[in-house]
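Have the viewer open while you read.

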Amino acid sequence: MWDWVLRGSLIIATLGAFAEFFASWTTVIKTTQETSIEKVAPLVVILGSVGGLAATWNLSNTNGQIIAILNKQVANAQTEAGHAMATAAEAQIRLEEARERTAKVEERVATAYKAAKDAEAQARKFESVIATANARAEEAKQIAEQERLERVKLEAQVAPRRLDREQEKTIINSLSRFRGRSVAVVSYSLDVEGGVLAMQIISILRGAGILVEDSVAGLLTTGSFWTGVILRGPAEEQDFVSALTTSLKIDGRLAVRNEAKEFVVPPGISKLGEKAVFLLVGAKPPRINVSHAQKDQPERVD
């Protein structure tokens, strides 16, 4: 606004100056008018000058205020710039520290990666050692199993023949229908293992109600001998002999052989003589491998 006041005042003062000039220095204006213009023109010039001074004064004050505001804004901007520069410097320091930490982390990662590679290589060595140890362990296991099987076979060969309680009960039940029949049980005089089995069989037969002639350790031989359990009986006793053979073989799991009417021991051992049913507990038969099969059968050994 004061800018427009200043311009208007200058125009007014200029017009007053021109009017006074024309009135005083030219003959264009008539004498009657000249006096009026000469009176008014100075007032116009003064009014324009006063308006110009007032406008200039206000403009000067306004410009001073604007400059003060601008200076304050510049000072604030400089302060903020200082703060920003300080923040930037601090950020730069933190950035450098972060770079240093990153470098250390990268170094640690590289070290860890190398350690992992070394550990992987070591693990491969351990795997090789473990595989070798496992192979040796498996080989040792197979050897131990083979030794166990051989031991079991050996134990089976040297273990005495025995019947457990369940086998005894089963044989007694299967032979109870022959209650009252007679049988002579015989074993070799020097065969302790066979004698013990013969006494167990005698107990079973008596439990079934069968009459037993006890001739345990009553047979002495210097020549051939039987292995396993051998049965013999006359024709009229073959049903009893067959049932006794089957029960001792199936239920008792013994090596048993029926020689039918053939004499396996001298008839004189029994009071019944040739009519006697003989049960000979011979020596324990050997268990040998024949074509990958077990041979455990009674036989006569010369």
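This is a predicted model: local features need pLDDT of at least 70, side-chain atom pairs count only at pLDDT 80 or more; totals for chains, interfaces and linings use all residues.

Five of them form an open sheet in the order 2-1-6-4-5, and the pairing is mixed.

For a look at one pair, take strand 4 (residues 229-232) and strand 6 (residues 278-281): they pair in the antiparallel sense over four bridges. In that pairing, Val-229 faces Val-281 of strand 6.

**Helices across the sheet**

Which strands does helix 4 lie across? Helix 4 (residues 192-207) covers strand 1 (182-188), strand 2 and strand 6, and it runs at about 175° to strand 2. Helix 5, for its part, lies across strand 1, strand 4, strand 5 and strand 6, with an angle of about 165° to strand 5.

**Helix 3 and its two partners**

Two packed helices are described by the angle between their axes and the distance between the axes.

| Helix pair | Axis angle | Axis distance |
|---|---|---|
| Helix 3 and helix 5 | about 160° | 10 Å |
| Helix 3 and helix 4 | roughly 45° | within 8 Å |

Take helix 3 (residues 165-175) with helix 5 (residues 238-251) to begin with: they pack at about 160°, so helix 3 is roughly antiparallel to helix 5, since angles over 145 degrees count that way. The crossing of this pair is right-handed. On the helix 3 side the contact uses Gln-167, Thr-170, Ile-171, Ser-174 and Leu-175, and helix 5 brings Ala-243, Leu-244, Ser-247, Leu-248 and Asp-251. Sorted by class, that contact has five nonpolar, four polar and one charged residues.

Now for helix 3 and helix 4, whose axes cross at roughly 45°. That angle makes helix 3 oblique to helix 4, and their crossing is right-handed. Helix 3 contributes Glu-168, Ile-171, Ile-172 and Leu-175, while Gln-200, Ile-204, Leu-205 and Gly-207 come from helix 4. By class, this contact has five nonpolar, two polar and one charged residues.

How many salt bridges does the structure hold? The count is 11. Among them is the one between the side chains of Asp-3 and Arg-7, at 3.3 Å from N to O. Asp-3 and Arg-7 are four residues apart in helix 1 (residues 2-25), so about one helical turn separates them. Side chains of opposite charge can pair when their charged atoms come close.

Key: Residues are numbered from 1 along each chain as its sequence is written. Side-chain values use heavy atoms; hydrogens and water are left out. Axes are lines fitted to C-alpha atoms, for helices over the stretch in contact, and angles run from 0 to 180 degrees between N-to-C directions. Helices (H or I, at least four residues) and strands (E, at least two) are DSSP runs, numbered from the N terminus. Angles under 35 degrees count as roughly parallel, over 145 as roughly antiparallel, 65 to 115 as roughly perpendicular and the rest as oblique. A crossing is left-handed if the near helix is turned anticlockwise from the far one by less than a right angle, and right-handed if clockwise. Contact means heavy atoms within 4.5 Å. Ala, Val, Leu, Ile, Met, Phe, Trp, Tyr, Cys and Pro count as nonpolar, Asp, Glu, Lys and Arg as charged, and the others, Gly among them, as polar. Two strands pair if DSSP finds at least two bridges between them. A salt bridge is a side-chain nitrogen of Lys or Arg within 4 Å of a carboxyl oxygen of Asp or Glu.
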